[in-house]
Amino acid sequence: MAKTANQAENAQLKDIISHAKEYGFVYPSSEIYDGLQAVYDYGAYGVELKNNLKRLWWETMTRLHGNIVGIDAAIFMHPTTWKASGHVDSFNDPMIDNKDSKKRYRADVLVEEHAAKLENEGKEDEAKALTASLARLLEAEDLAGVRDLIVNTGIACPISGTTNWTDVRQFNLMFSTQVGSVAEDASTIYLRPETAQGIFVNFLNVQKTARMKVPFGIAQIGKAFRNEIVARQFIFRMREFEQMEMQFFVRPGSELEWYKQWAETRMNWHLALGTPAEKLRKHDHEKLAHYANAAMDIEYEFPFGFKEVEGIHSRTDFDLKSHQEFSKKKQQYFDPEINQNYIPYVIETSIGADRLFLLTLCNAFTEEKTEEKSRTYLKFHPAIAPVKAAILPITKKDGLPEKAKEIVELLKYDFNIIYEDAASIGKRYTRQDLIGTPFCIAVDHQTLEDNTVTIRHRDTTEQERVSISELHGKIAEATSFRRVFEKI
Ligand code: ATP
């Protein structure tokens, strides 16, 4: 029987997940205890790739822009922070349980997935009407209405197949814990659900100490935690994840110009990293959050469809104003150019490091099949590839390992290098393809005579003979962040 498009997509995601596990990129957390849902660990090559992606983002922000600096705020914050930001009262998702399967779902996602199914069946008007009804009910916070919509539309639980649903309830996504050793004195604090608030509460500290003038930005990379109701699709939706956020503070009235500019800059960043334009799209938010006056997502076409990778939001002065109210500390900036005090407006760019990782993996995963052979390799941009070069003596004898190790010494201070001398050279090439190493450097008997080696290129499998003295320069040229920066 022919596979449906959906099955093919799931098969592709399955292949990527098992590749990620088998070749040291991503494992389920605490796997020996059968894992912990929606929590993952990064392996030997995964951590290198993730670090490279984070470093590239960081350097794009802080080095390419003289008016952006970084911070590293704590995960725990004063609990009032989350009152002021609105998270305590409204960082909720509507959840619903099926009484027969006992499975829990996000009510809005159930409806959206049903609408997508209708659309696939060509029933576009029905799909549109359904999403419009959902938006209306959510806007009015009419949870009973959302349940009626699910039941009346006949949306059934994918596991039990029944429409025996509970009421819809709001579920706050923040994890809480206690600080203080004595129970009576302990107070509830939260694991931050976004890194942005660490930037807002430090706005004046940074502005004064780094002597920043509006417009300026503050960048941060760090962990965030959300008790997601439905955690599926591998590292796309996790309960513990990493965000890379930049808040850009601007003069009130200029925010929409800056919003447009940042949307374009961020899209160019994804393109510069080699993500094909047809796999990326902008999605403007129809329903804006209470604090935003413009918002969009950059979406990537994952095997399970176009989904958000990065959000770009014009957050007005909502956060700083709210912190000023709750903390009773002025959050104003004196603008010497116009001789005025004001609370700056903010443009935010926010991307999940793990989602970017998944994008990168999906994009790199390449299977080539010809009649004679098939080859799987990870076509990472060399600047972010976990290992830059593998040094491979073709035999373990005749002084070749020693010569190869001299080359390792030459390169290891600047590049992540692998040395391997076991198995046939073909098998070793295959292994490097599977982890996405752009260059394999074979050391043979000729190397001992004339100090030349063979470079085998991952994407073309072409080989070239070069002198050892050229290696450092060639690898540096191909893997430099400059190659990405120049295209932004
Ligand atoms: P979604 O609609 O997918 O839940 P969101 O709109 O809640 O995402 P934001 O709050 O805008 O996401 O967070 C900014 C970025 O952080 C997202 O674009 C995404 O890359 C990342 N992110 C958010 N939630 C998660 C998660 N549970 N797991 C991994 N990454 C996440």
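**Note on the predicted model**

1. S30 is placed in the loop between strand 1 (26–28) and strand 2 (40–42), strands being DSSP runs of E with at least two residues and helices DSSP runs of H or I with at least four, each numbered from the N terminus. Its phi is positive, about 40°, although S30 is not a glycine. S30 is partly exposed, at a relative accessible area of 34%; buried means under 20%, exposed over 50% and partly exposed in between, with a 1.4 Å probe and protein chains only.

2. This is a predicted model, in which local features need pLDDT of at least 70 and side-chain atom pairs count only at pLDDT 80 or more, while totals for chains, interfaces and linings use all residues. Residues are numbered from 1 along each chain as its sequence is written, and side-chain values use heavy atoms, with hydrogens and water left out.

3. D34 also lies in the loop between strand 1 and strand 2. Its phi, near 75°, is positive in a residue other than glycine, and D34 is exposed, with a relative accessible area of 76%. Most residues other than glycine have a negative phi, and most peptide bonds are trans.

4. The peptide bond from V214 to P215 is cis, with omega near 5°. P215 is found in the loop between helix 9 (203–209) and strand 9 (216–225).

5. T166 belongs to the loop between helix 7 (143–153) and strand 6 (169–172). T166 counts as buried because its relative accessible area is 17%. Apart from neighbours within four places in sequence, T166 is in contact (heavy atoms within 4.5 Å) with I96, D97, K99 and R147. The C-alpha atoms of T166 and G305 are separated by 29 Å, the two residues being 139 residues apart along the chain.

6. The structure holds zero disulfides, a disulfide being a pair of cysteine sulfur atoms within 2.5 Å. C157 is buried at 2% relative accessibility, and C440 is buried with a relative accessible area of 1%.

7. For the whole protein, there are 17 helices and 23 strands. The radius of gyration, taken over C-alpha atoms, is 26 Å, close to the 23 Å that the globule rule gives for 488 residues, so the protein is as compact as a globular protein of that length. That rule is 2.2 Å times the number of residues to the power 0.38. Of the 488 residues, 49% count as buried. Among contacts between residues at least 6 apart in sequence, 65% join residues at least 24 apart.
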